[in-house]
Amino acid sequence: MRYWIGRGLVVAAAVVLAASFAGDLHPLGDSLAVFRPVVLAGAALVALAVWRWTGARLLAVAAVAVALWHGAGILRTGPLPEGPADLVLYQKNMLYRPADRGPLAEDIRATGADLVTLQEVSPANRPMLDALRDTFPHQLLCGESGVGGVAILSRTPLADERCSERFGVARAVTRIDGQPLQVIALHLPWPWPMAQQELAQEYVADMAPLPDGPTVVGGDFNMVASGRSLAWIEAATGTTRVGPLVRTFSLKGYPLGIDHILATGGTARLSVRPKLGSDHYGLAAEIRFP
């Protein structure tokens with residue numbers, strides 16, 4: 001009986017691990033992807049318990065391969081920009097609750113950011129936008145969801161401004177060193193059973209690369225780097241995620257990298273910024289375009 005129970009657990013673990021890559025087939029796959037490290041640990045323990053069975057050893061090999069793949073993402077830094085960056089983008093989910101936003105404003109200034117993408121810009125958080133208007137006079141605020149809207153703050157003028165009709169997307173075009181640049185601020189809900197994939201698919205239908213310039217996206221994706229929702233946004237905007245895998249949020253102590261900065265090609269240096277009154281860490285990316 002134990003023999004068959006062991007085999008059953010191995011098969012179940014293999015199915016769950018495979019399902020965590022199946023976000024294209026069902027949004028449950030992306031939900032499992034969020035907890036893939038836990039799935040990997042469980043698969044390894046099951047494989048060790050039934051090690052004599054060939055299927056268990058195959059599961060162990062698969063788990064090690066996936067773990068190494070994740071490890072490569074954690075360690076990946078990429079080449080640093082040579083010379084001054086073309087653009088510094090600061091990304092932050094502010095948290096909708098009232099808090100002293102003075103330290104956050106100071107940190108944004110300290111990074112020398114050219115652009116800022118914000119989420120959960122609630123009425124309690126809006127005074128910070130006014131406080132930063134001397135440095136970022138060009139601002140676009142979109143959405144009035146329960147947790148607040150999304151915003152783009154820019155040192156340079158914004159044109160072709162657009163807001164999504166649902167939840168959280170702000171999009172505009174600016175110019176950096178004379179070059180047109182599309183910037184998108186994004187906020188997606190949690191994955192299944194929430195409507196993350198539904199909204200992501202709705203958003204990508206209206207997204208496209210800028211024909212004559214690069215694109216940058218800053219957002220709280222509520223999704224890890226390997227999730228399909230993130231891949232769809234990358235494909236729609238012609239961008240890729242910059243920097244290594246980093247923790248930007250903790251779910252009851254479980255570390256998650258769910259905030260991301262995407263950019264068109266080039267090289268980038270990514271740094272994690274303090275929480276500063278939020279439940280999310282911020283991100284700052286120094287980007288040099290091709």
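The model is predicted.

Which parts of the chain each supply at least two residues of the lining? They are strand S5 (159-163), strand S6 (169-176), strand S7 (179-187) and helix H7 (196-204).

Is leucine 199 buried or exposed? Its relative accessibility is 4%, so leucine 199 counts as buried, since buried means under 20%. Now find proline 189, ten residues away from leucine 199 along the chain. The C-alpha atoms of these two residues are separated by 8.3 Å.

Strands S5 and S6 also hold a charged pair. Aspartate 160 and arginine 171 meet through their side chains in a salt bridge, with 2.4 Å from N to O. Aspartate 160 lies in S5 and arginine 171 lies in S6, so the pair ties together parts that are eleven residues apart in sequence. How covered are the two partners? Aspartate 160 has a relative accessible area of 40%, so it is partly exposed. Arginine 171 has a relative accessible area of 12%, so it is buried. The pair also belongs to a network of salt bridges that links Asp160, Arg162 and Arg171.

Another one joins arginine 269 and glutamate 286, whose closest N and O atoms are 3.0 Å apart. This pair links distant parts of the chain, 17 residues apart. Arginine 269 sits in strand S13 (residues 267-273), and glutamate 286 sits in strand S14 (residues 282-288). Both partners count as partly exposed: arginine 269 is at 32% relative accessibility, and glutamate 286 has a relative accessible area of 29%.

One of the salt bridges is formed by arginine 133 and aspartate 130. Here the closest N and O atoms are 3.3 Å apart. Arginine 133 counts as partly exposed, because its relative accessibility is 38%.

Now turn to a charge without such a partner. Glutamate 120 lies in strand S2 (residues 115-121). Glutamate 120 is buried yet has no salt bridge. The nearest side chain of opposite charge belongs to arginine 101, and it is 7.4 Å away. What lies 3.0 Å from a polar atom of the side chain of glutamate 120? It is the backbone nitrogen of tyrosine 96.

Finish at helix H8 (residues 228-237). This helix is mostly covered, with eight of its ten residues buried. Among the buried residues are Leu230, Trp232 and Ile233. Glu234 is on the buried list too, as are Ser229 and Thr237. Ala231 and Ala236 complete it. Glycine 238 follows H8, and its phi is positive, near 70°.

Methods. Residues numbered from 1 in each chain as written. Predicted model: local features only at pLDDT ≥ 70, side-chain atom pairs only at ≥ 80, totals over all residues. Heavy atoms only, no water. Helix = DSSP H or I, 4+ residues; strand = E, 2+ residues; numbered from the N terminus. Buried < 20%, exposed > 50% of the residue type's maximum accessible area, 1.4 Å probe, protein only. Lys, Arg positive; Asp, Glu negative; His and termini not counted. Salt bridge = Lys/Arg side-chain N within 4 Å of Asp/Glu carboxyl O. Polar contact = N/O pair within 3.5 Å; in protein donor to acceptor, adjacent residues only side chain to side chain.
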